[in-house]
Amino acid sequence: MRPLPAARRPGGAATITGLERSTVGGRAFDLEWALADDPAFLTETEHQHDTTVTSVGIELDGELDEDRLNAWLGTLLRTKGVDLFRSKGILAVAGAPKQYVFQGVHMLLDGTFARDWREGEARTNKLVFTGRDLDREALERGFADCQATAGAAA
């Protein structure tokens, strides 16, 4: 699984069109319809939160090695994809003059090189994962291992 090269195809990033209104089951959300179906829709207060669902945000200065990043993301998506609800980030890939912007849902990940890094702008990587039973330390360690200077002597 190599998410970065897909963004290098001619034509750039995939574009989602025709989503002018959010739809569920082929029809737009309608509050009157929801209240007719469930009069307590706006007043119900009993619910349970799944305490295993969390978010992990990571910020890391410097550039990332593309091969290590691909390997890490591929492994992460294969092993945690079912529990990884959302992922998104802005990354500085070594040798690339543009920011790499990605987003993902479960095991699907898509991204593109977006705008140029501005002169004097710090090449900082920011990503966020939302999911079930996320291991912050493992994610931080895995992401740090993607740095262009990490393991350079190896």
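Modeller: What follows is a description of that helix and then of the strands around it.

This is a predicted model, in which local features need pLDDT of at least 70 and side-chain atom pairs count only at pLDDT 80 or more, while totals for chains, interfaces and linings use all residues. Residues are numbered from 1 along each chain as its sequence is written, and side-chain values use heavy atoms, with hydrogens and water left out.

The protein has four helices and seven strands, taken as DSSP runs numbered from the N terminus, helices being H or I of at least four residues and strands E of at least two. Helix α4 spans residues 136–144, and its buried residues are L139, G142 and F143, where buried means under 20% relative accessible area with a 1.4 Å probe and protein chains only. These residues cover an arc of only 95° around the axis, which puts them on the same side of α4; the arc is that of the directions from the helix axis to the C-beta atoms. The buried residues of α4 pack against β3, α3 (66–80), β4 and β7, a contact being heavy atoms within 4.5 Å. At the start of α4, a side-chain oxygen of D135 comes to within 3.2 Å of the backbone nitrogen of E137.

Among the strands that α4 packs against, β7 (residues 124–132) runs antiparallel to β3 (residues 53–61), joined by nine bridges, and G57 stands opposite V128 in β7. Strand β4 (residues 84–91) is also antiparallel to β7, through six bridges, with I90 opposite K126; strands pair if DSSP finds at least two bridges between them.

Note on methods: Buried < 20%, exposed > 50% of the residue type's maximum accessible area, 1.4 Å probe, protein only. Polar contact = N/O pair within 3.5 Å; in protein donor to acceptor, adjacent residues only side chain to side chain.
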